[in-house]
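Colleague: I want to learn how to read helix packing from a model. Can you take me through one case?

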Amino acid sequence: MSIFSETGRQDLLKAKRLLEFSVKGYVPYDPNKSYEPEELESYDAMSFRFEKFVETALSFFVSLELYLYGEKSATLRDRLLKLQRAGYLQDVELWISARLLRNKIAHAYIPDELAEIFENVVSFSKRLFIEVETLEVKLKAIG
């Protein structure tokens, strides 16, 4: 792979590691509790790390597509489908849903919404980690 793609790959793995740390320490959010700012830091960190992880992955997918095919798809769905057909990704809908969740995180402030969002972040993250592990195996196979 080119140096640019290798840098992107390393950025993706770093983002994954940071998010894994946040997910591992996750304590379910209680929408009925009035949290102090310092109590919200772990939730804020996890949310930020999820957003960063998803954006880093999607950016890496652009680089990977350019490396593999010499062109960039017009839509995210087309790019993900192309990478799925080539065996680099397994679940296109998961990545689309993760991006939608990433966008929703920035606009949620209602406690009940936050509880659901944090649960989804944890659930999606665990599935996305498996996707990245599959991607890693395929990338190692091409050198």
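Modeller: Start with a bend. This is a predicted model. Helix H2 bends by about 25° at Tyr 43.

Colleague: How many residues does H2 have, and what span does it reach?

Modeller: H2 has 33 residues. From its first C-alpha to its last it reaches 47 Å, close to the 48 Å expected at 1.5 Å a residue. Just after H2, Gly 70 takes a positive phi of about 70°.

Colleague: Now the packing. At what angle do H2 and H4 pack?

Modeller: Read the angle and the axis distance together. H2 (residues 37-69) and H4 (residues 92-105) pack at about 135°, with axes 10 Å apart. That angle makes H2 oblique to H4. Their crossing is left-handed.

Colleague: Which residues meet there?

Modeller: On the H2 side, they include Phe 50, Phe 53, Val 54, Ala 57, Leu 58 and Phe 61. On the H4 side, Trp 95, Ala 98, Leu 101 and Ile 105 are among them. Charged residues take part too: the contact divides into 10 nonpolar, one polar and four charged.

Colleague: How do the axes of H4 and H5 cross?

Modeller: H5 spans residues 111-142. The axes of H4 and H5 come within 10 Å and cross at roughly 145°. H4 passes H5 in a left-handed crossing. From H4, Leu 94, Trp 95, Ala 98, Leu 101 and Ile 105 are among the residues that meet H5. From H5, the partners include Ile 117, Val 121, Phe 124, Leu 128 and Val 132. This contact divides into 10 nonpolar, two polar and three charged.

Colleague: That leaves H2 and H5. Where do their axes stand?

Modeller: They come within 11 Å and cross at roughly 30°. Angles under 35 degrees count as roughly parallel, so H2 is roughly parallel to H5. This crossing is left-handed.

Colleague: What is the make-up of that contact?

Modeller: It divides into 20 nonpolar, two polar and no charged. H2 brings Tyr 43, Met 46, Phe 50, Phe 60, Leu 64 and Leu 68, among others. H5 answers with residues including Phe 118, Val 122, Phe 129, Leu 135, Leu 139 and Ile 142. Tyr 43 is also where H2 bends.

Methods:
Residues are numbered from 1 along each chain as its sequence is written. This is a predicted model: local features need pLDDT of at least 70, side-chain atom pairs count only at pLDDT 80 or more; totals for chains, interfaces and linings use all residues. Side-chain values use heavy atoms; hydrogens and water are left out. Axes are lines fitted to C-alpha atoms, for helices over the stretch in contact, and angles run from 0 to 180 degrees between N-to-C directions. Helices (H or I, at least four residues) and strands (E, at least two) are DSSP runs, numbered from the N terminus. Angles under 35 degrees count as roughly parallel, over 145 as roughly antiparallel, 65 to 115 as roughly perpendicular and the rest as oblique. A crossing is left-handed if the near helix is turned anticlockwise from the far one by less than a right angle, and right-handed if clockwise. Contact means heavy atoms within 4.5 Å. Ala, Val, Leu, Ile, Met, Phe, Trp, Tyr, Cys and Pro count as nonpolar, Asp, Glu, Lys and Arg as charged, and the others, Gly among them, as polar. The expected span of a helix is 1.5 Å times one less than its number of residues. The bend at a residue is the angle between axes fitted to the seven residues ending there and the seven starting there.
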